[in-house]
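Subject: Structure for you to look at

Hello,

Here is the structure I said I would pass on. Please open it alongside this message.

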Amino acid sequence: MEECYEIKTKLVAPATRIKIIEKHFNCEKPQIVFSINFFPDIAEICHIYSVPYLCWTVDSPVPELFSRAITYDTSHIFLFDYEQYLRFSPYNPDRIQYLPLGANVRRFDRVVSSITTKERTCFHHDISFVGSLYTEKSPIQNVSGISEYTKGFIHGIATPALKLYGINFIEPSLTTQVIHDIKSHAPNFYHLPDAVEEMDAYVVAHQYVGNYITEAERIQTLNLLASKFDVHLYTRSDTSSLTNVKIHNGVDSLSTMPKILHLSKINLNMTSKPIISGLPLRIFDIMGCGGFVMSNYQYEIPEYFEIGIDLETYGSMEELVDKCSYYLSHEEQRKQIALNGHEKVCANHTYYHRIAKMLKTMM
């Protein structure tokens, strides 16, 4: 199904995509189809052929979830964000499940065990962040012509949102005027003709405003930390807004990233705003590599990990600075937390655990 992803990204017409997917079905005759995130075209073909379609979200937003195809008896959808699950599960209660993410610890362990002496020097950072700044993921930058009212509204929402963690009030705060203004001026505004419910507010809140706030938060956080600590960033994003951050090119997530996560003293996780309650994949990546996690607070974290035992969290910029200072000067405690986190992921949160649960729901 790799080709299906490629044709989606090239914006091939839906009818053409479906024909190509159907061609694969006729050639491969699958018994089960699996994808990362939900694709309505795949769900449509699976429904036609009565083939179970399993998908697992790893991102947010996923506006494709508004498709009526989520209601099919062949669609088995696993959502990693509990708030995401609460929103969509009523449309197919028996087949839309909540399932947090996990880590391929065996693969990570193999990569970590191959770290060279040179790499130990190169990747031994005080604080590091591996990921996007969202400069390329914030479509609001491409929207021209919106009113001064809308610009002020977005700024007004962004200001408190940058100071609050574990709470997302963006969508309920949007006005009809702001939604219409952004929708009418945005190129390629996402729309589904068969949506199970009105989705414009969701798209504006998460794809436009949420991603914009995520970009602002990551730039603000890195600049603040870099004014006080040695901070390294590995990214393919535009870094022109950063000051004092030591910038590196993006790295391969399978071969190089695990080494950086393992060797860095503190690994940042800054959850994107559209992920309302869930644990992003980066948390499991870091812990699966035996790294120390410093994450913004998400209310699902205590469901799976002990804060201060398995990982560390912050609820404000002041707390982040204080905790980074503390753990950089308390090496043994920091290493023990990283070890605890790795052991807990190994015991409870591997892909083996997650896939087993998926398949069990099929029986």
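Predicted model: local features only at pLDDT ≥ 70, side-chain atom pairs only at ≥ 80, totals over all residues.

Aromatic pairs

The count of aromatic pairs comes to 15. One of them joins F66 and F88 edge-to-face, with 5.0 Å centre to centre and 85° between the planes. F66 lies in the loop between strand 2 (53–56) and strand 3 (75–79), while F88 belongs to helix 4 (residues 82–88), so this pair ties together parts that are 22 residues apart in sequence.

F66 also pairs with Y202, again edge-to-face, at 4.8 Å centre to centre and 65° between the planes. Y202 is in helix 10 (residues 200–226) and F66 in the loop between strand 2 and strand 3, so here the parts tied together are 136 residues apart in sequence. F66, F88 and Y202 form one aromatic cluster.

As for burial, F66 and F88 are both buried. The relative accessible area is 0% for F66 and 4% for Y202, which is buried too.

A charge over a ring

R107 has its charged end over the ring of F108, 5.4 Å from the ring centre.

D41

D41 is part of helix 3 (residues 40–49). Its relative accessibility is 14%, and because buried means under 20%, D41 counts as buried. Apart from neighbours within four places in sequence, D41 is in contact with R17, I18 and I21. E22 is 19 residues from D41 in sequence, and their C-alpha atoms are 9.6 Å apart in space.

Regards

Key
Residues numbered from 1 in each chain as written. Heavy atoms only, no water. Helix = DSSP H or I, 4+ residues; strand = E, 2+ residues; numbered from the N terminus. Buried < 20%, exposed > 50% of the residue type's maximum accessible area, 1.4 Å probe, protein only. Contact = heavy atoms within 4.5 Å. Phe/Tyr/Trp six-rings, centres within 6.5 Å; stacked < 30°, edge-to-face > 60°. Lys NZ or Arg CZ within 6 Å of the ring centre and 35° of its normal.
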